[in-house]
Amino acid sequence: MTANTQEAPATATTDRIDKRVELRAPRSRVWRAISDAREFETWFHMKIDGDFAAGRTVHGKVQNKRFEDANPIEITIERIEPERYFSYRWHPFALDPKVDYSVEPTTLVEFTIDEAPDGCVVTIVESGFDNIPLARRAEAFKMNEGGWNGQAKNLTAYVA
Amino acid sequence: MSRSRGNLALKVSEAVPVFAALADPTRLTLIGRLSVEGPLSITHLSEGTGVTRQAITRHLTSLGDAGLVRDSRRGRERVWELDLKRLEKARYFLDQISAQWDDAAERLRAFVEEE
């Protein structure tokens with residue numbers, strides 16, 4: 001199936017990424033996939049060392065042979081509004097073992113679920129990129145080139 | 001791999017001044033007008049902005065230093081136009097992370113719809 005995500009209206013911003021995806025699944029199902037760490041780690045392909053709870057910090061290890069040496073990514077849960085809203089802060093794609101990311105600003109990732117005729121709509125916003133050093137943005141690009149697309153294909157094959 | 005890293009390092013160093021130059025409302029407006037209206041003279045660019053020609057010239061020079069615009073003489077006038085390649089590079093980094101979210105959203109779909 002082709003991607004059905006849509007960009008929000010184009011703006012000049014370099015600070016945020018805005019995605020909207022329509023899912024043919026009940027809100028409660030989608031809520032569980034996003035807010036339950038055991039489910040989240042399955043589709044996100046990141047092993048998470050704890051449960052999600054507001055204010056709690058967990059660590060996520062990317063499940064990809066290319067990043068075996070990478071340190072776990074610190075993920076701090078910001079806010080949980082059951083069935084509707086889930087947000088966390090992290091260092092986006094902080095996968096280089098030689099870099100101390102803890103001193104860098106984080107980005108905020110927000111999932112919002114709304115009802116739709118055939119299921120629900122999930123809006124994903126990641127913001128705060130303007131605070132991240134440019135060199136890091138490029139590093140994020142380098143580390144992920146090819147890797148994430150490959151993972152998506154793996155999962156599609158796995159669930160199909 | 002090491003070769004692609006070298007290429008990337010070059011791109012990063014080029015992109016730093018690009019983002020810095022774009023982080024200003026007047027300069028973003030100038031970029032917007034040049035992209036919609038095409039090459040324009042300083043006179044045209046300062047019309048109706050409430051900003052002096054001198055200030056506009058300074059902003060255009062900053063944008064020029066970042067490689068976002070270039071100027072040329074047309075008869076007695078100096079006109080400014082966009083240098084699109086640099087703008088595309090500036091967008092490139094965010095586009096990569098954006099693509100990763102597309103993939104993640106697609107995996108979420110597969111996960112919740114395949115039950």
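Biologist: In this predicted model, at what angle do the axes of helix H2 and helix H4 of chain B cross?

Modeller: The axes of helix H2 (residues 25–37) and helix H4 (residues 53–65) of chain B come within 10 Å, and they cross at roughly 75 degrees. Angles of 65 to 115 degrees count as roughly perpendicular, which means that H2(B) is roughly perpendicular to H4(B).

Biologist: Which residues in H2(B) and H4(B) meet?

Modeller: On the H2(B) side the residues are B:Thr26, B:Arg27, B:Leu30 and B:Ile31, and these meet B:Ile56, B:His59, B:Leu60, B:Ser62 and B:Leu63 in H4(B). Sorted by class, the contact of H2(B) with H4(B) has five nonpolar, three polar and one charged residues.

Biologist: Turning to chain A, how do helix H1 and helix H2 pack?

Modeller: Helix H1 (residues 27–35) of chain A packs with helix H2 (residues 37–44) of chain A at an angle of about 85 degrees, and their axes are 5 Å apart. Therefore H1(A) is roughly perpendicular to H2(A). From H1(A), the residues A:Arg29, A:Arg32, A:Ala33, A:Ile34 and A:Ser35 meet A:Ala37, A:Glu39, A:Phe40 and A:Trp43 in H2(A), and the residues of this contact divide into five nonpolar, one polar and three charged.

Biologist: How many of the nine residues of H1(A) are buried, and which are they?

Modeller: A residue counts as buried when its relative accessible area is under 20%. In H1(A), seven of the nine residues are buried, and the helix is mostly covered; the buried residues are A:Arg27, A:Arg29, A:Val30, A:Trp31, A:Ala33, A:Ile34 and A:Ser35.

Notes
Residues numbered from 1 in each chain as written. Chains lettered and ligands numbered in written order. Predicted model: local features only at pLDDT ≥ 70, side-chain atom pairs only at ≥ 80, totals over all residues. Heavy atoms only, no water. Axes fitted to C-alpha atoms, helices over the stretch in contact; angles between N-to-C directions. Helix = DSSP H or I, 4+ residues; strand = E, 2+ residues; numbered from the N terminus. Parallel < 35°, antiparallel > 145°, perpendicular 65-115°, else oblique. Contact = heavy atoms within 4.5 Å. Nonpolar A, V, L, I, M, F, W, Y, C, P; charged D, E, K, R; others polar. Buried < 20%, exposed > 50% of the residue type's maximum accessible area, 1.4 Å probe, protein only.
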